[in-house]
Structure formats: C-alpha cells, structure tokens
Amino acid sequence: MDREMMSRLVDKTIRVDRGGPESRIGKLLAVFEDYFVLLTESDGVVYYTTNHIKSITESSKDIMKFGIKVPKKLDYKTADNFHKLLESIRFQWIKINRGGSESLEGVLSDANKNYASLIVNDEVVRFSMKHIRNISYGLTVENTKIDSSENSNDND
C-alpha cells in the first residue's frame, strides 16, 4: 500500500483486507515506511506490514462501526520501519499474524532484516520477515462503549 495514500486515512476507521483471518476494522493511528498501526476492538494495537495488504476500505458514508474511544495519549510503539519496531519490543510477549495456520504467540527474542525469533514453550521459532503480516504485543484499550441498558427506561 502506498504510504501517501495511507497517510490521508490516519484517524479514520478502515477495514484492512476484505475478509479472511487477517482482516480487521479499526482506527488507523499512524503510517510509517513499511508498516502502519491500527487500533482494533478485539486485538488492541496491531502493526500491519504494508507489503501484504491487498486492500484498504474506507466507508464513504462513515458507517463502519468502531466502538472504542481512542484515548488522547495512547502510548504505542513506533519506529522508522518494521525491523526497528521489532527491535524495540524485544523480550515482549507478541502475537505474529492474527489468524490462520501461521499465527503464533511467544516472546520475541531476536529480530533482524531476515527473520524474527520467538520463544514458544521449549522451542525457538524463526519467522521469515517477508512472511510476517502483522504483530501485536498486548497493548489494548479499555472498551468504552455505552451500555444500552444504561439508557433504557425500566418499566417494571
């Protein structure tokens, strides 16, 4: 995905891809050299590499539902590129790829331009950097949806 085009969508609610295990709806927080940051309801902050994105959807009528109020000072990691981002979260518990058979969680022990290493139980798993679609490291935002039962009149 083109960085300039993506930059115009910052602070908007978008859908990443049209379907499948990696597709998510969320608020686009920032765009960098080869990745972008998306705040989602179910997964929290997710970092997507741009080379795997097939499509970005923006609602022309702004009807995509996003039920989280984004805090004014949401503190999430940033770096110039995806490799540097991974270096900045070494030794954090992360999830690589949101869905499908290549989804895996563990402690990020190493990252370089070719691969990222995860410690998973008694194994060290190395992911090729070109096959990492997205990662998250546990940063979530408390859901601040208004409960409909608070606004209803009880006529018991």
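What follows is a chat about the salt bridges, aromatic pairs and strands of one predicted model.

Trainee: Before I start, what kind of model is this, and how are the residues numbered?
Mentor: This is a predicted model, in which local features need pLDDT of at least 70 and side-chain atom pairs count only at pLDDT 80 or more, while totals for chains, interfaces and linings use all residues. Residues are numbered from 1 along each chain as its sequence is written, and side-chain values use heavy atoms, with hydrogens and water left out.

Trainee: OK, how many salt bridges does the structure hold?
Mentor: There are 6 salt bridges in the structure, where a salt bridge is a side-chain nitrogen of Lys or Arg within 4 Å of a carboxyl oxygen of Asp or Glu. In general, side chains of opposite charge can pair when their charged atoms come close.

Trainee: Which residue does R8 meet in a salt bridge?
Mentor: The partner of R8 is E4, with 3.7 Å from N to O.

Trainee: And is R8 buried or exposed?
Mentor: R8 counts as exposed because its relative accessibility is 56%, and E4 counts as exposed too, at 55%. The cut-offs are under 20% relative accessible area for buried and over 50% for exposed, with partly exposed in between (1.4 Å probe, protein chains only).

Trainee: What about E58, which residue does it bridge to?
Mentor: E58 forms a salt bridge with K12, and their closest N and O atoms are 3.1 Å apart. This pair links distant parts of the chain, 46 residues apart, since E58 is in strand β5 (residues 56-58) and K12 is in the loop between α1 (3-7) and β1 (13-16). Helices (H or I, at least four residues) and strands (E, at least two) are DSSP runs, numbered from the N terminus. E58 counts as partly exposed at 38% relative accessibility, and K12 is also partly exposed, at 36%.

Trainee: Which residue forms a salt bridge with D80?
Mentor: That is K84, with the closest N and O atoms 4.0 Å apart. D80 counts as exposed at 52% relative accessibility, whereas K84 counts as partly exposed at 39%.

Trainee: Which residues form the aromatic cluster?
Mentor: One aromatic cluster is formed by F32, Y35, Y47, F82 and Y137.

Trainee: Last topic: how many residues of strand β2 are buried?
Mentor: In strand β2 (residues 24-31), 6 of the 8 residues are buried, so the strand is largely enclosed by the rest of the structure.

Trainee: And which strands pair with β2?
Mentor: Two strands pair if DSSP finds at least two bridges between them. β1 and β2 run antiparallel and are joined by 4 bridges, with V16 standing opposite R24 in β2. β2 also pairs with strand β3 (residues 35-40) in the antiparallel sense, over 5 bridges, and T40 in β3 is the bridge partner of G26. A hairpin through 3 residues joins β2 to β3.

Definitions and conventions
Phe/Tyr/Trp six-rings, centres within 6.5 Å; stacked < 30°, edge-to-face > 60°.
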